[in-house]
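Please keep the sequence and the model in view while reading.

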Amino acid sequence: MHIVDRRLNPGGKSLPNRQRFLRRVKDVAQRAVRESAREKDIKNLGKDGRITVPGDGVREPRFSRQPGTGHQDYILPGNKTYVEGDRIERPPGGGGGGGSGEGGDGGENGEDAFHFVLTREEFLDLFLEDLELPDLAKRRLAVVETEGLRRAGYTVSGSPANLALSRTLRNSMSRRIALKRPKLEEVAALEAEIAAAETASDPRLPDLKLKLLELRERSKRIPYVDPIDLRFRRFEPYPKPIAQAVMFCLMDVSGSMTEHMKDLAKRFYILLHIFLTRRYKHVEIVFIRHTDKAAEVDEETFFGSRETGGTLVSSALAEMKRIVTERYSPDDWNIYAAQASDGDNVSSDGPTSTELLRAHILPACQHFAYLEVGDENGPRAGFVEHRTTLWRTYEALAKAGEPLAMRKVNHRRDIYPVFRELFGRKDARAEAER
């Protein structure tokens, strides 16, 4: 977000003060964007948004006189009560009549907030400004979508804006040296010699003048810069590859998953998709839902249809492994995965899930996040009152040093803070952990 203030600096204020003011306005606007993100529907995060900034947060401090104290001189017209030299008593309470801002009708106190209408790009820039993708190592670039321009040497014709001045002057100097164009120093020295010969009545004067005329004529025939010297920078179009990413959404849809839990997972997936589309031009989404069996489905089926049955997490991991092997090679794709579950899993499935993650899933992923969703009446995020079967399985992997992020969420208001914890900059995440 760029704030441009074209107002002139008023008296008593400097440019550094104005810059500090602009930085403060941006910080307040960023906090307002984050607060609005908690209230509005996640589906509308990518749209234009209106935010409100408190006026007190951005008001610029200034020095002013206190009308109720000190000595002040006034020039007043004469009347029947006062004559020259009289002293006027101070009004009771130090006041001097109705001051500005009273009544709240247009005064300074009446303006209690600023309203900004941000475009989609400005809103998302502030919303995601201090987030980053962990281990953002770009894999092979593919999916050519645009064309770029790159330097391709020089040409003898082109736009004046592309004139290569150094190359042009180098060609000019080479041509002048090859054709032996007279130097300005030679002409100046010859003129000085002619002036001295005129003073001394030197008999060589006619020859010197003839030589000077020849030098000037030669200089005119050999210009300083000739059109043949001009060189222009040449650009040629080339296919510009775009980095591509795939986002795997894994979710338990067994009978223990309530609609509230599925809604929490959906909000987290939407946030992750918005974030990835800001970092990659081409993002594909793969939806895998599972009970004791897993299947790849479309988005409507993923969030809408209901299933019954037990829970077998390894079935979803095995399905993801199959899809990665067949369609998304880790050498060509940046793979991100987010799994949502209430934590239930068959105890005997733990070793199988651990092996799939350690040997196949985690090495192929740029980032793997596990979100454990709970009942709405549960505790706030960050507190795990009961370690479920799946949480203990993943916790063992995380403690072993595997790149696996884990969080627990029970309330809608905690989705965004948890998302920031997972994808905040490394220094911010380290500070939060301390």
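Which residue in β9 is the bridge partner of alanine 337? In this predicted model, the bridge partner of alanine 337 in β9 is phenylalanine 368. The model is a prediction, in which local features need pLDDT of at least 70 and side-chain atom pairs count only at pLDDT 80 or more, while totals for chains, interfaces and linings use all residues. Residues are numbered from 1 along each chain as its sequence is written, and side-chain values use heavy atoms, with hydrogens and water left out.

The chain contains 13 helices and 10 strands; helices (H or I, at least four residues) and strands (E, at least two) are DSSP runs, numbered from the N terminus. Of its 434 residues, 36% count as buried, where buried means under 20% relative accessible area, exposed over 50%, and partly exposed in between (1.4 Å probe, protein chains only). The chain exposes about 26,700 Å², of which carbon and sulfur atoms supply 51%; accessible areas come from the Shrake-Rupley method with a 1.4 Å probe, and for residues only the protein chains shown count as cover. Among contacts (heavy atoms within 4.5 Å) with a separation of 6 or more, 79% are between residues 24 or more positions apart.

The strand pair behind the opening question belongs to an open sheet of six strands, in the order β7-β6-β5-β8-β9-β10 and with mixed pairing. Two strands pair if DSSP finds at least two bridges between them. β7 (294–297) and β10 are the edge strands, each pairing on one side only. From one strand to the next, the twist averages 20°; axes are lines fitted to C-alpha atoms, for helices over the stretch in contact, and angles run from 0 to 180 degrees between N-to-C directions. Helix α9 (residues 313–327) packs on this sheet and touches β5, β6, β7, β8 and β9, its direction making about 145° with that of β6.

Within the sheet, β8 runs parallel to β5, to which seven bridges join it. It also runs parallel to β9, here through six bridges. Strand β8 is mostly covered, with eight of its eight residues buried. Asn334, Tyr336, Ala338 and Ala340 point one way from the strand, whereas Ile335, Ala337, Gln339 and Ser341 point the other way.

The side chains can be followed next. In soluble globular proteins, nonpolar side chains tend to be buried together. A nonpolar core is a set of buried Ala, Val, Leu, Ile, Met, Phe, Trp, Tyr and Cys residues joined through side-chain atoms within 4.5 Å. The largest such core has 34 residues, of which Met251, Phe268, Tyr269, Leu276, Tyr280, Phe302 and Leu371 touch the most other members. At least two residues each come from β5 (244–252), α7 (259–279), β6 (282–290), α8 (299–304), β8 (334–341), β9 (367–373), β10 (405–409) and α12 (415–423). Helix α7 supplies the largest share, nine residues. Apart from this core lies another, of 29 residues, including Ala316, Ile361, Trp391 and Leu404. Returning to methionine 251, its contacts beyond four places in sequence include Tyr269, Ile288, Phe302 and Ala340.

The cysteines may be considered briefly. Cysteine 249 is buried, at a relative accessible area of 1%, and cysteine 365 counts as buried at 10%. With a disulfide taken as a pair of cysteine sulfur atoms within 2.5 Å, the count comes to zero.

Other parts of the chain remain. Phenylalanine 232 lies in strand β4 (residues 232–242) and counts as buried because its relative accessibility is 9%. Leaving aside neighbours within four places in sequence, its contacts include Tyr154, Val156, Pro160 and Leu163. The C-alpha atoms of phenylalanine 232 and arginine 167, 65 residues apart along the chain, are separated by 8.5 Å.

Lysine 180, in the loop between α4 (165–178) and α5 (184–200), counts as exposed because its relative accessibility is 66%. Its phi is near 55°, a positive value in a residue other than glycine. Serine 329 has its place in the loop between α9 and β8 and counts as partly exposed, at 28% relative accessibility. Its C-alpha atom is separated by 8.4 Å from that of alanine 364, 35 residues apart along the chain.
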